[in-house]
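Q: I have a new model open and want to learn how to read it. Where do we begin?
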Amino acid sequence: MVLVPLLNLLALSFTEPGKAHLMGGLDIIPKGFSTLNYELLFANPLFTGSILNSVWITVAGTALNLALTSMAAYVLARNEFAGKKFVLFFLIVIMVFEPGMIPEYLLIKDIGLMNTLTSLILYKAVNVYYLFILMRFFQDIPEEILEASRIDGAGHFRMYSRIMMPLSKPGLATLGLFYGVYHWNEYFRATLYISEPAKWPLQVVLRQFVVRKDNTSLIGSQNMFDSSIHFDFAALQAGTIIIAIVPLLVLYPFILKYYAKGALEGGVKD
Amino acid sequence: MNVMKRLRQDWVLYAMLFLPLLYFFIFHLIPLYGMKLAFQDYRIIGDPVWVGWKHFKTLFSSPAFASVLQNTIIISLMKIIFVFPIPIALSLFINEVRSSKYRKYVQSVLYLPHFLSWVVIAGIWISLLNPATGGVNQIASFFQLPSVDYMTSKEHIRWVLVFSEIWRSAGWDSIIYLAAIMKISPGLYEAAKIDGATRLQQMRFITMPHLYSTVVTVFILNLGFFMNAGFDQVFNFMNASVISVVDILDTYVYRIGIGNGQFAYATAASLFKGVIGIVLILGTHFISKRISGKGVW
């Protein structure tokens, strides 16, 4: 039930265009074999550009997420940190009171981040829930290790970068996957903040093309629907979906290893 | 004196906290403060004007808002009734799979849809429910049933939401129950086997009672998100033919706010939703803390 729809789309995307209309929803073997759909997609600048946008948002966004989250988690995991209670309370307030979509939209507009990929990288730079997970992870690292290096004269930043970070690789991997999957799948903020098609991430292009069945944005960027090329629209859509899934499938073994474990330790929500 | 000394010692800590806190200040507190727009009229040029409860009065007398509220509640209730129990049943089923290789395989396949975006899932389901070539209608035609265009059918679309939600999250959500099952002492099953209990009886009298508190906790936690009704899902499954039955609070806010530019009015609608959400989250947090000792945070 889970796999058949995916395999069907995979098969459809590789089916020869002339035979695509013969493909039923339960067929999981392509009729004939053709890579035309992928050739068309990868020849389209809007499409390839959107993949690059998504990769940039995911990589830069996750890097920023991990840097800020781990620094905050380090500080909050230190018992000697005065004001810890206050900051924790502040974070819980942040978690409970979520601003609505309109004030966030107006904020992005006011600070001049409309139509920038930066808006998508910045607006969720730290997730409070993930911060708490990492904080707990840091707290589990024995105090003696830190104590030893403190006697050697290491300051907090040195302890953070040389001891905590290397020791917390599994925790950071878990969080990196949380954040990474989130960025890769992000589409809504992008539809809100970005109106220039050239800056759309893949999910937005996918949404325009597959969900809203609007192909004018794709055609507009290039004459890919050249009448001399015979292709099947549904099969082309299938190819787009498959491409959006591939990075997740590549990372899936790691996701299963870290993400599932992290989600359990963190509790119910993710 | 003490404070100064600490500050000198730990200034690095405060420096490290600076950027994260600055982020929260700009991207959370400022828009949170911006929610005051619900009591104002938005001006493109110049400062907004205070208008008190005006937008709320319009909101509560608007038939569109009433229908949106009704849709939100119906869709959320349907999900609680029909989606919530599935992962529990699934965890019992996965637990009965003997071969650990096969069990791993089942789990990794069932977890997969959780990692797909709702855009991708909508794409998959649009293809799956296609009236001519979709898998569902092909099965129907095999049994001589008429083909239905589920995506544009007002009678069916809410069920499409229920089933696609199950498809996406039942596997993943079963993790929490599986973890609870793993914690049950194997000794109990040993003792039951000696007493001659069948596997079904073991499930009924050992596994299920042990799941009870987890079920209650998860149920309460879910209630906290009742007013969401799954925005990302609805946003991608919605189309002009079915908008009247699936338009929920958040999609409404999006349409009148971003679509029509009625920023203040839309903010009022989202503040209304936010307040109910906070009451539910705080309420469920304290109830769940009392029942299980485990809160929302």
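Q: Which residues in α7(A) meet which residues in α10(A)?
A: Keep in mind that this is a predicted model. From α7(A) come A:Tyr130, A:Ile133, A:Leu134 and A:Phe137. Their partners in α10(A) are A:Gly171, A:Leu175 and A:Phe178. By class, this contact of α7(A) with α10(A) has six nonpolar residues, one polar and no charged.

Q: At what angle do the axes of α7 and α10 of chain A cross?
A: Helix α7 covers residues 128–139 of chain A, and helix α10 covers residues 169–185. Their axes come within 10 Å and cross at roughly 170°. Angles over 145 degrees count as roughly antiparallel, so α7(A) is roughly antiparallel to α10(A).

Q: How many residues of chain A are in contact with chain B?
A: The size of an interface is often given as the accessible area lost when the parts come together. Here we count residues instead. On chain A there are 66, in contact with 62 of chain B. Helix α14 of chain A, residues 233–266, gives the largest share of the chain A side, twelve residues. That side divides into 51 nonpolar, nine polar and six charged residues.

Q: What radius of gyration does chain B have, against that of a compact globule?
A: Chain B has 25 Å, whereas a compact globule of 297 residues would have one near 19 Å. The C-alpha trace of chain B spans about 75 × 75 × 30 Å along its principal axes.

Q: What secondary structure does chain B have, and how much of the chain is buried?
A: Chain B has 14 helices and two strands. Buried residues make up 37% of its 297 residues.

Definitions and conventions:
Residues are numbered from 1 along each chain as its sequence is written. Chains are lettered from A and ligands numbered from 1 in the order in which they are written. This is a predicted model: local features need pLDDT of at least 70, side-chain atom pairs count only at pLDDT 80 or more; totals for chains, interfaces and linings use all residues. Axes are lines fitted to C-alpha atoms, for helices over the stretch in contact, and angles run from 0 to 180 degrees between N-to-C directions. Helices (H or I, at least four residues) and strands (E, at least two) are DSSP runs, numbered from the N terminus. Angles under 35 degrees count as roughly parallel, over 145 as roughly antiparallel, 65 to 115 as roughly perpendicular and the rest as oblique. Two residues are in contact if their C-beta atoms, placed from the backbone, lie within 7 Å. Ala, Val, Leu, Ile, Met, Phe, Trp, Tyr, Cys and Pro count as nonpolar, Asp, Glu, Lys and Arg as charged, and the others, Gly among them, as polar. The radius of gyration is taken over C-alpha atoms; the globule rule is 2.2 Å times the number of residues to the power 0.38. A residue is buried if 20 or more other C-beta atoms lie within 10 Å of its own, exposed if 12 or fewer, and partly exposed in between; C-beta atoms are placed from the backbone.
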